[in-house]
Amino acid sequence: MALSSLEQMRDRRFQLRATATEEAIIKTAASRQGVNVTDFIIRSAYEKAEKTLSDQTRFMLDGPQWKAFMAALDRPARDKPRLRRLFAEPHVAKRRA
């Protein structure tokens, strides 16, 4: 992953409310991972957000976006020599056997 928001300067604020039980569990989990509560919550929320967005199966596009998308799909495939070499190598599990 490129420079993620987890590695950038944090300059935004979230205000959250939690029950006493939620707070205790979050603090315990953060402690066991060796991070502070803020880092734990941000990392957890960020990972969940990435998964949620990557699992989307329906996207809404306007006219120009749809045309650009279809043009990209219709373009002929380009030869990628490095990718071709990678797929020519034996599977990592077979190399170690």
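What percentage of the 97 residues in the chain do buried residues make up? The figure is 3%, where buried means under 20% relative accessible area, exposed means over 50%, and partly exposed lies in between, with a 1.4 Å probe and protein chains only.

Before the details, a word on the source. This is a predicted model, in which local features need pLDDT of at least 70, side-chain atom pairs count only at pLDDT 80 or more, and totals for chains, interfaces and linings use all residues. Residues are numbered from 1 along each chain as its sequence is written, and side-chain values use heavy atoms, with hydrogens and water left out.

The chain has five helices and zero strands, so its elements read α-α-α-α-α from the N terminus on; helices (H or I, at least four residues) and strands (E, at least two) are DSSP runs, numbered from the N terminus. As for confidence, pLDDT is the predictor's confidence in each residue, on a scale from 0 to 100. The chain averages 88, and 90% of the residues score at least 70. Helix α1 (residues 20-33) has the highest confidence, at a mean of 97, whereas helix α5 (residues 92-96) has the lowest, at 72. Where pLDDT is low, the predicted coordinates should not be read in detail.

I turn to the surface. The chain exposes about 9,700 Å², and carbon and sulfur atoms supply 56% of it; accessible areas come from the Shrake-Rupley method with a 1.4 Å probe, and for residues only the protein chains shown count as cover. A nonpolar surface patch is formed by F59, L61, W66, F69 and L73, which together have about 550 Å² of accessible area. Patches are made of residues with over 30% relative accessible area and no salt bridge, like charges being joined within 9 Å and nonpolar side chains (Val, Leu, Ile, Met, Phe, Trp, Tyr) within 5 Å.

Because W66 and F69 are three residues apart in helix α3, about one helical turn separates them.

Next, the charged pairs. Side chains of opposite charge can pair when their charged atoms come close. How many salt bridges does a search of the whole structure find? It finds four, a salt bridge being a side-chain nitrogen of Lys or Arg within 4 Å of a carboxyl oxygen of Asp or Glu. One of them joins R10 and D39 at 2.6 Å, N to O. This pair links distant parts of the chain, with R10 in the segment before α1 and D39 in helix α2 (residues 37-54), 29 residues apart. R10 is partly exposed at 40% relative accessible area, and D39 is partly exposed at 23%. Another salt bridge connects D11 and R12 at 3.4 Å, N to O; D11 and R12 are exposed. D79 and R84 also meet in a salt bridge, at 2.5 Å, N to O, and R84 is exposed at 56%.

Finally, I26. This residue lies in helix α1 and counts as partly exposed, at 26% relative accessibility. Leaving aside residues up to four places away in sequence, I26 touches V37, F40 and I41, where contact means heavy atoms within 4.5 Å. The C-alpha atoms of I26 and V37 are 7.0 Å apart, although eleven residues separate the two along the chain.
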